[in-house]
Amino acid sequence: MHADLLPLLKQHFGYSEFRSGQHAVIEAALAGQDSFVLMPTGGGKSLCYQLPALLLPQVTIVVSPLMSLMKDQVDALKANGIAAEFVNSSLSREQVLQVFARLRQGTLKLLYVAPERLLQPQFLDRLQDVGVSLFAIDEAHCISQWGHDFRPDYMALALLKQRFASVPVMALTATADSATRQDILQQLNLQQPYVHLGSFDRPNIRYTVQEKFRPTEQLISYLQQQDGASGIVYCSSRRKVDELTEQLKQRGFNAAAYHAGLSSDERNQVQDAFKRDDYQLIVATVAFGMGVNKSNIRFVVHFELPRTIEAYYQETGRAGRDGVPAEAMLLFDPADIGRMKRWLDNEENQQRAEVTWQRFLAMAAFAEAQTCRRQVLLNYFGEARQTRCGNCDICLQPPQQFNATELAQKALSCVYRVGQSFGMHHVIEVLRGGHSQKITELGHDKLSTWGLGKDLSHDYWLSILRQLIHFGLLQQDITAHSVLKLQPAARPVLRGETELMLAVPRLQSVKREPERRA
Ligand code: ADP
Ligand code: ZN
């Protein structure tokens with residue numbers, strides 16, 4: 001080990017040991033080797049370039065796409081007595097000149113820049129004059145069109161190896177899929193890089209999925225169990241964010257909305273207030289998060305199915321950065337899958353639609369999984385696990401099967417009796433013996449299946465019907481108001497020729513246990 005590393009780690013960062021992977025990456029940088037660092041969010045990527053920067057003779061340039069993140073990191077470094085600055089469009093001309101002056105004097109250890117700034121010819125000339133010891137490319141997946149966050153500005157970073165052939169480049173990302181990974185290595189033209197592939201497991205995060213019945217009520221009841229702890233609720237649209245924020249406020253929650261429709265001042269205000277615990281909850285679109293550096297987020301709720309496992313992992317990864325138990329809760333409606341399909345059918349670029357669809361299907365498979373969620377997640381990231389985790393809803397409450405033949409027969413014949421012309425909710429109302437005007441007008445209260453299932457709740461039936469759809473006994477006709485139609489697979493069940501096993505519906509959330517130290 002490089003003799004000076006541990007005292008420096010202690011002195012400047014206050015830590016007594018390295019996290020997995022950090023030490024070897026730092027040694028590689030000090031030896032002038034290119035490197036590729038894959039570590040999950042919160043894994044400690046920044047230290048991999050911040051520590052070597054202290055020992056290297058010239059400046060370390062950190063490329064980062066996010067202004068707020070830059071400022072946070074630089075403030076934290078300065079607070080630790082490290083000579084760091086940033087340049088981006090938020091600085092005045094005078095401020096930029098001051099930074100450049102320090103760069104010329106050689107007193108800066110770290111300089112954070114946005115990619116577009118780095119690639120200005122004058123800036124590159126300046127760097128060539130003063131000399132650079134290391135380039136660190138944070139969020140390196142932004143260079144790849146395969147990644148989930150492609151930024152055209154990043155493409156030009158390929159230039160670095162041409163202009164600064166002897167300066168090592170460290171690429172860092174938390175995006176694990178192998179296509180993106182290969183692309184980063186290639187685009188940046190890394191030379192025999194030292195590669196660190198970190199584990200994606202976040203053992204302190206409990207993964208749970210709740211089937212959606214009355215989502216807002218489910219959410220509120222979940223939030224009421226959180227004892228005022230900090231959390232994020234992700235929604236897929238701005239409209240939904242605003243609507244839900246209002247509902248939560250009305251119910252007495254200290255919540256704020258965050259999405260790209262707000263001005264950047266408003267967004268910063270919300271983010272800062274959340275950091276100070278002035279808000280308990282942030283209801284947000286995916287716009288919220290990349291720069292969130294708050295360690296005591298206890299839960300992340302997904303109100304809708306995220307579009308990729310990467311996004312889900314990133315977003316849930318914001319919980320529990322302090323290592324204390326935290327929870328990722330996903331509200332799942334199987335109908336979201338059909339909605340996505342229809343939405344993609346309208347996509348012009350069919351190839352792109354196909355990629356999006358495949359990635360989305362993996363996410364849907366996670367939500368529908370009957371096996372350990374962590375195993376599903378880690379397998380997706382190429383990290384095979386043979387043992388169950390013991391800290392997800394499936395491990396904690398293994399799904400139970402029951403003989404659902406009779407229930408299925410009731411449901412299927414009800415679909416038949418209403419002429420295969422009605423959707424789930426109407427079928428359920430008939431089964432439960434409802435007296436609505438629609439039912440009486442249609443004479444559906446005269447059907448033999450009317451009231452056959454009144455001993456079971458609406459949500460229970462919903463779960464059964466969803467499973468019948470899932471197993472191909474029923475189909476929702478998406479061209480005609482999602483009416484339910486019988487499929488050939490329903491016949492043997494209706495005739496009593498086969499038995500059907502289904503999962504016992506989970507109508508209640510997995511209750512949170514008292515805080516358990518990791
Ligand atoms: P990433 O960029 O990978 O998401 P960060 O670099 O922001 O992660 O680090 C996440 C947290 O872990 C930070 O609070 C950081 O100070 C802390 N950290 C990093 N390295 C260590 C270490 N060796 N020991 C303890 N904490 C660390
Ligand atoms: Zn598990």
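Which residues are around ligand 1? In this predicted model, they are Y15, F18, R19, Q22, M39, T41, G42, G43, G44, K45, S46 and L47. The element that gives the most to the shell is helix α3, residues 45–55, with 3 residues.

One residue of the shell, Q22, also belongs to helix α2, which covers residues 22–30. Within α2, the residues Q22, H23, V25, I26, A28 and A29 are buried. The cover over these buried residues includes the helices α1 (5–13) and α3, together with the strands β1 (35–38), β5 (132–137), β6 (169–173) and β7 (194–197). After α2 comes G32, a residue with a positive phi near 80 degrees.

Strand β1 deserves attention through one of its residues, V37. Is V37 buried or exposed? V37 is buried because 30 other C-beta atoms lie within 10 Å, and a residue counts as buried when 20 or more do so. When neighbours within four places in sequence are left aside, the contacts of V37 are V25, K45, C48, M170, A171, L172 and H196. Of these, V25 is one of the buried residues of α2, and K45 is among the residues around ligand 1.

In general, the strands of a sheet pair through backbone hydrogen bonds, either parallel or antiparallel. Within this sheet, β12 (residues 299–302) and β13 (residues 326–332) provide an example of the parallel sense, with 4 bridges between them. One such pairing is that of H302 with its bridge partner L330 in β13.

The nonpolar residues can be followed next. In soluble globular proteins, nonpolar side chains tend to be buried together. Here the largest nonpolar core has 55 residues, and V233, I282, V283 and V301 have the most contacts inside it. Strand β13 contributes the largest share of this core, 6 residues. Leaving aside neighbours within four places in sequence, V283 is in contact with V233, C235, V241, L244, T245, L248, A255 and A257. Apart from this core lies another, of 51 residues, among them M39, A53, I61 and L127. M39 is also one of the residues around ligand 1.

Strand β15 (residues 474–477) is joined to strand β16 (residues 483–486) by 4 bridges. One residue of β15, Q475, has K485 in β16 as its bridge partner. The two strands form a hairpin with 5 residues between them, and H481 in the turn has a positive phi of about 55 degrees.

How values were computed
Residues numbered from 1 in each chain as written. Chains lettered and ligands numbered in written order. Predicted model: local features only at pLDDT ≥ 70, side-chain atom pairs only at ≥ 80, totals over all residues. Near = placed C-beta within 6 Å. Pairing = 2+ DSSP bridges. Core = buried A, V, L, I, M, F, W, Y, C linked by C-beta atoms within 7 Å. Buried ≥ 20, exposed ≤ 12 C-beta atoms within 10 Å, placed from the backbone. Contact = placed C-beta atoms within 7 Å.
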